[in-house]
Amino acid sequence: MAIKPVLRMGNPLLLQRAVEIADFNTIELNGLIQDMRDTMQAEDGAGLAAPQIGISLRLVIFGVTKNPRYPDAPEIPETILINPIITPLDEVKDEAWEGCLSLPGLRGLVPRYRHIRYSGFDALGNQFEVEASDFHARVVQHECDHLDGILYPQRIKDIRQFAYTEELL
Ligand code: NI
């Protein structure tokens, strides 16, 4: 399909609440999913939300395969998640550095729930539910925030912990 340009912070579309998907397994939806896959792969991202390529629908994709560049990064199975609902399983939060394709070159220290359950629908409209922890849980929370118009800088507790990646190295 196609690699799409990723909208950057400041684009008003990234601040909107995205709309639920009603029709599954359509040519339009399957094409959108393929565009998101192509774009995420080209940009080497761990996840992508539909609003980031200009489509204000409640659809995210994410996944991390073993990468020799990041030998310590845990694997996350490739997942298509539509109309997601996240439920924290307890109150515990961790802080870790996050980046986002909509804020190239930047990182921020962001608190997220450590243990969550998320549910939603796959590309065919089958409902599913997963329990996730740590990095997996973080990626899901980050991507689903995009569907509510939230970018990670809004979650940073100490804005001094918001930086250019190159300066942190
Ligand atoms: Ni992002």
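What covers the buried residues of α1? The answer includes the strands β1 (47-49), β2 (59-64) and β3.

## About the model

Let's set the ground rules before touring the structure. This is a predicted model, in which local features need pLDDT of at least 70, side-chain atom pairs count only at pLDDT 80 or more, and totals for chains, interfaces and linings use all residues. Residues are numbered from 1 along each chain as its sequence is written, and side-chain values use heavy atoms, with hydrogens and water left out.

## Helix α1 and its surroundings

Helices (H or I, at least four residues) and strands (E, at least two) are DSSP runs, numbered from the N terminus. Helix α1 spans residues 27-43, 17 residues in total. From first C-alpha to last it reaches 24 Å, close to the 24 Å expected at 1.5 Å a residue; the expected span is 1.5 Å times one less than the number of residues. Its buried residues are L29, G31, L32, I33, D35, M36, D38, T39 and M40, where buried means under 20% relative accessible area, exposed over 50%, and partly exposed in between (1.4 Å probe, protein chains only).

Just after α1, D44 takes a positive phi of about 60°. Most residues other than glycine have a negative phi.

## Strand β3

T79 sits in strand β3 (residues 76-88) and, at 10% relative accessibility, counts as buried. Its side chain reaches the backbone oxygen of P77 at 2.9 Å. Leaving aside neighbours within four places in sequence, T79 is in contact (heavy atoms within 4.5 Å) with V60, I61, F62, Y118 and F128.

N83 also belongs to β3. Its phi is near 50°, a positive value in a residue other than glycine, and N83 is buried at 15% relative accessibility.

## An open sheet with a helix on it

Three strands form an open sheet in the order β4-β5-β8, with antiparallel pairing; two strands pair if DSSP finds at least two bridges between them. Strands β4 (93-98) and β8 (162-164) stand at the edges with a single partner strand each, so one side of each has no neighbour in the sheet. Neighbouring strands are turned by 25° against each other on average, direction ignored. Axes here are lines fitted to C-alpha atoms, for helices over the stretch in contact, and angles run from 0 to 180 degrees between N-to-C directions.

Strand β5 (residues 106-113) is joined to β8 by three bridges, and R107 has A163 as its bridge partner in β8. Helix α2 packs on the sheet, touching β4 and β5, and its direction makes about 105° with that of β5.

R138 lies in helix α2 (residues 134-147) and is buried at 8% relative accessibility. Beyond its neighbours within four places in sequence, R138 is in contact with D94, E95, A96, E98, V110 and R112. D134, also in α2, has a positive phi near 55° and is partly exposed at 46% relative accessibility.

## The nickel site

Which protein atoms are the donors of the nickel ion? They are C100 (SG), H142 (NE2) and H146 (NE2), lying 2.1 to 2.3 Å from the ion. Donors are N, O and S atoms within 2.8 Å of the metal (3.2 Å for Na, K and Ca); water is not among the atoms, so sites may look incomplete.

The donor residues are spaced C-x41-H-x3-H in sequence. C100, in the loop between β4 and β5, and H142, in helix α2, are 42 residues apart and link distant parts of the chain. C100 is buried at 10% relative accessibility, and H142 is buried with a relative accessible area of 7%.

Key
A polar contact is a pair of N or O atoms within 3.5 Å; within protein, one must be able to donate a hydrogen and the other to accept it, and residues adjacent in sequence count only if both atoms are side-chain atoms.
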